[in-house]
Amino acid sequence: MSSSNFTRRGVLRTGAATGAGLALPTIFSGAAWSQGFTNEPTGSTVTLGFNVPQTGPYADEGADELRAYQLAVEHLNGEGDGGMLQTFSSQALDGAGILGKKVEYVTGDTQTKSDAARASAKSMIEKDGAVMITGGSSSGVAVAVQALCQEAGVIFMAGLTHSNDTTGKDKRANGFRHFFNSYMSGAALAPVLANAYGTDRKAYHLTADYNWGYTTEEAIRASTEAMGWETVNAVKTPLTQTDFSSYIAPVLNSGADVLVLNHYGGNMVNSLTNAVQFGLREAQANGKDFEIVVPLYSRLMARGAGENVKGIYGSTNWHWSLPDEGSKAFVQSFGTKYGFPPSQAAHTCYVQTLLYADAVSRAGSFNPCAVVEALEGFEFDGLGNGPTLYRAEDHQCFKDVLVVRGKENPQSEFDLLEIVEITPVEQVTYPVDHPQFAGGALGTCNPGA
Amino acid sequence: MLGLNKKDGTLLLIVIGLTLFAPFLLNPFPVESELAQFNAGYPDLMQRFVIFGIFAIGFNILFGLTGYLSFGHAAFLGAGSYAGVWMMKLLSMNVIPAIVAAVIVAGLFSVLIGYISLRRSGIYFSILTLAFAQMSFALAYSVLTPITGGETGLQLSLDDPRILTGGAEGGNLPVPSLFGLEMRDSFDLVLGSWLFTFNVGYYVCAIIMIAAFYLAIRIFRSPFGMMLRAVKSNQQRMSYTGLNSRPYTLAAFVISGMYAGLAGGLMVSMDPLAGAERMQWTASGEVVLMTILGGAGTLIGPVLGAGFIKYFENIFSKINDQILHGWFAFLPDGLENAMVALVHPFIGKGWHLTLGILFMLVVIFLPGGLVEGGQRVGRFAFRRRNKKAEGAEAEGAAKQPAE
């Protein structure tokens, strides 16, 4: 079948093709080999990847996170009023970008699914050359993207993720979390609950049937039982449940006098509404008033649950009504730009971006290993949570935790929570090898390429 | 060639050409240009194109040939993914055991589900498969957390046994490889202002997809395929002639389940993490969309559909207002903002909307999917060429007598 025709034209063509092929190696950009680490920014700009849920159940939080990121980029590039740059204890940032490079960003949609989040993060790393990925509004996504960033050799600054596992069994050297976690919620809430409701309470847990629910239930149980509470029952509810009446009904006859709702987002809005409709707030059990507790509060949830949150205790990472200079500066510039106060998700994302930029500036390099070194054991102040430590052993931030309560007389749709107590950092600090965080290893930093 | 007729052979060659030159075809725009936003030639997306292509090819063997609409195919993809990750945790980071185990597990799983679901047909079959898939999803998400990792997904860790290769060296996770060839290795080719990336993982997937595509052609053209088509056209008549169609439909179901498992195994070979969302009904619905969008029952349609949907998901969802302002910067300010506001609902988080509109347009105007679109264009061009040729002939004929 094969026919070999050596024509002059054919030989010339082959010769030209071979020549081009031989010349190719000289055209390769040296960059691919000279790079010390993945996506080293060589031009006058640096690209950050903001990977937030834009669709799905946490889209509202994602939108608020994105606003915060845009604000952070403005401030880093010296536009706007500078926000927390003035109050930040480290003054390495001067509003001229990061290390003199203008900050640019790309955005992506995590859809609150680990697969989609990883695909989006990968495209930021492979296509857009992002040197840092941040964002997320769920622990599953945070853990998945954190692992990806570790493999790819870029830094991951977690957004809103509350599960113990993010800096527990799934911790990674290239990942950092500013947000607090389930254990801290339990440790902060327990004393306040003991003060308000006494130490001889019987608790009934309804827990969202997934990873975050488990760690939160475990944390709350451990810290309340340590004070003398008794756990009567703990029931898991499917994540997709929208009507919780069948779960609430047995609570009244169980002998319990406190209901703990280990639910987040839409789950919490629905279960709390059901519980209030069933009259649990007015009920009496064991001769005491029946009470409800929500371990993790967010303003968006409080808004969803409306009237029902009044008087209900919970914990939160940050609240816009905090009186310190950092918080005021942030609320001021966020409010000026968008017309309403920021949520805790927005705050943690803004702070994470600043912390990354600052670490790069102090390290003098975008190299992930240098950044890790700069962040590990870093102590700072002025970012809204008081003196804070980024612990080197697990890359978790240790700072004060807020215990809040649904406000009885809200002034506006954003003024739904009031701060009951600011739990000092010592009370929520735990040893690295605490059983709730057991397993997993940080590994070593990976600069990639 | 290879037992194919000329038409199928050409089709296979086209697919081979498209997949092997994808890094060039998908990166048509120079890196620094505004249009670089639309480049899709980066490893992750290219891998996704071919992996979902495999998934859709397999789905089409069931849906396109027998007409049984399974709404639970993502369950097999997920089962395959979990099997693959477990192989990497237990045996070694070589992708071969992962892929083989993924196919086997998905096959067994589909025998089980197929055996039960195929007792019914039509909508009842669809609902049964949907129920099984949702059940798998719910189990994987919560009850089976020790096996599946639950919400956070199953991923590798430093202390996995990996009995064939030993644990991890150093503090970093090992990466999936094929006998030492790392899946994530890439080779960048810079030609002027163009950048083309050749990724090892992509080519592994591409070669497997070509094999899968070839197998699908053979199945379509085989007597077995004919039997499946008979099931689609009139199952009752088949039973009246004394044929038991159940073994055929079950075989088709299992084959397509194994294709899904293969896709799952490849997915974790490229990116070693398996999340439960992979099994959710939306994922099952997605492959149905891919197949219908591309053209159900055609060979290449599902591959095109898969590429189409993944392109929108990954490229359109990443366009944000900042980029829009860049595009329309040449307009006066007021007009620029107006244009951005006009386009805004269709990009970024609005990619679902854009995809939905396109899907509607395709279903309304091209019921046969993208393949029908291609055929129409082809026919149009062909007819014109024919007409021209005819015209020339007629001219020639007219000239003849004068000579």
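**Two chains in contact: questions and answers**

Biologist: How many residues of chain B are in contact with how many residues of chain A?

Modeller: This is a predicted model. The contact between the two chains can be counted from either side. On the chain B side there are 35 residues, and on the chain A side 39.

Biologist: Which element of chain B gives the most to the side that touches chain A?

Modeller: At least two residues each come from α3, α6 (122-143) and β4 (186-191) of chain B. With 4 residues, the top contributor to that side of chain B is α3(B).

Biologist: What radius of gyration does chain B have, and why does it agree with a compact globule?

Modeller: The C-alpha trace of chain B spans about 90 × 70 × 45 Å along its principal axes. For 403 residues, a compact globule would have a radius of gyration near 22 Å. The value for chain B agrees with that, because it is 24 Å.

Biologist: What percentage of the residues in chain B are buried?

Modeller: Chain B contains 17 helices and 6 strands. Of its contacts with a separation of 6 or more, 73% join residues 24 or more positions apart. The buried share of the 403 residues in chain B is 44%.

Biologist: How far does helix α8 of chain B reach from its first C-alpha to its last?

Modeller: Helix α8 of chain B runs over residues 200-221, which is 22 residues. At 1.5 Å a residue the expected reach is 32 Å, and the model comes close to that. From first C-alpha to last, α8(B) reaches 32 Å.

Biologist: What covers the buried residues of α8(B)?

Modeller: Among the buried residues of α8(B) are B:Tyr202, B:Cys205, B:Met209, B:Phe213, B:Ala216 and B:Phe220. An α-helix has 3.6 residues a turn, so residues three or four places apart point the same way. The cover over the buried residues of α8(B) includes the strands β2 (177-178) and β5 (194-199) and the helices α1 (6-20), α3 (43-66), α9 (223-233) and α11 (246-270) of chain B.

Biologist: Is B:Phe196 buried or partly exposed, and why?

Modeller: B:Phe196 sits in strand β5 of chain B. Leaving out residues up to four places away in sequence, B:Phe196 touches B:Pro23, B:Phe24, B:Asn27, B:Gly41 and B:Leu189. Being buried takes 20 or more C-beta neighbours within 10 Å. B:Phe196 has 18 C-beta neighbours inside 10 Å, so B:Phe196 counts as partly exposed.

Biologist: What is the phi of B:Arg162, and where does B:Arg162 lie?

Modeller: B:Arg162 is not a glycine, although its phi is positive, at about 45 degrees. As for its place, B:Arg162 is in the loop between β1 (154-155) and β2 of chain B.

Biologist: How far apart are the C-alpha centres of domain 1 and domain 2 of chain A?

Modeller: Chain A is divided into domain 1, made of 45-180 + 320-399, and domain 2, made of 183-316. The two are in contact through 14 residues of domain 1 of chain A and 14 residues of domain 2 of chain A. On the domain 1 side, α3 (59-76), α5 (139-152) and α12 (344-363) of chain A each supply at least two residues. The distance between the C-alpha centres of these domains is 30 Å.

Biologist: Which UniProt annotation covers residues 45-407 of chain A?

Modeller: Over residues 45-407, chain A is 39% helix and 20% strand, with the end C-alpha atoms 45 Å apart. The UniProt entry, which is unreviewed, annotates this stretch as "domain: Leucine-binding protein".

Biologist: Is A:Tyr183 buried or exposed, and why?

Modeller: A:Tyr183 belongs to helix α6 (residues 182-197) of chain A. Not counting residues up to four places away in sequence, A:Tyr183 touches A:Asn164, A:Ala219, A:Tyr430 and A:Gln436. Because 26 other C-beta atoms lie within 10 Å, A:Tyr183 is buried.

Notes
Residues numbered from 1 in each chain as written. Chains lettered and ligands numbered in written order. Predicted model: local features only at pLDDT ≥ 70, side-chain atom pairs only at ≥ 80, totals over all residues. UniProt positions renumbered as here; feature names shortened; annotations may be inferred. Expected span 1.5 Å × (residues − 1). Buried ≥ 20, exposed ≤ 12 C-beta atoms within 10 Å, placed from the backbone. Contact = placed C-beta atoms within 7 Å. Domains from an automatic or database assignment. Rg over C-alpha atoms; globule rule 2.2 N^0.38 Å.
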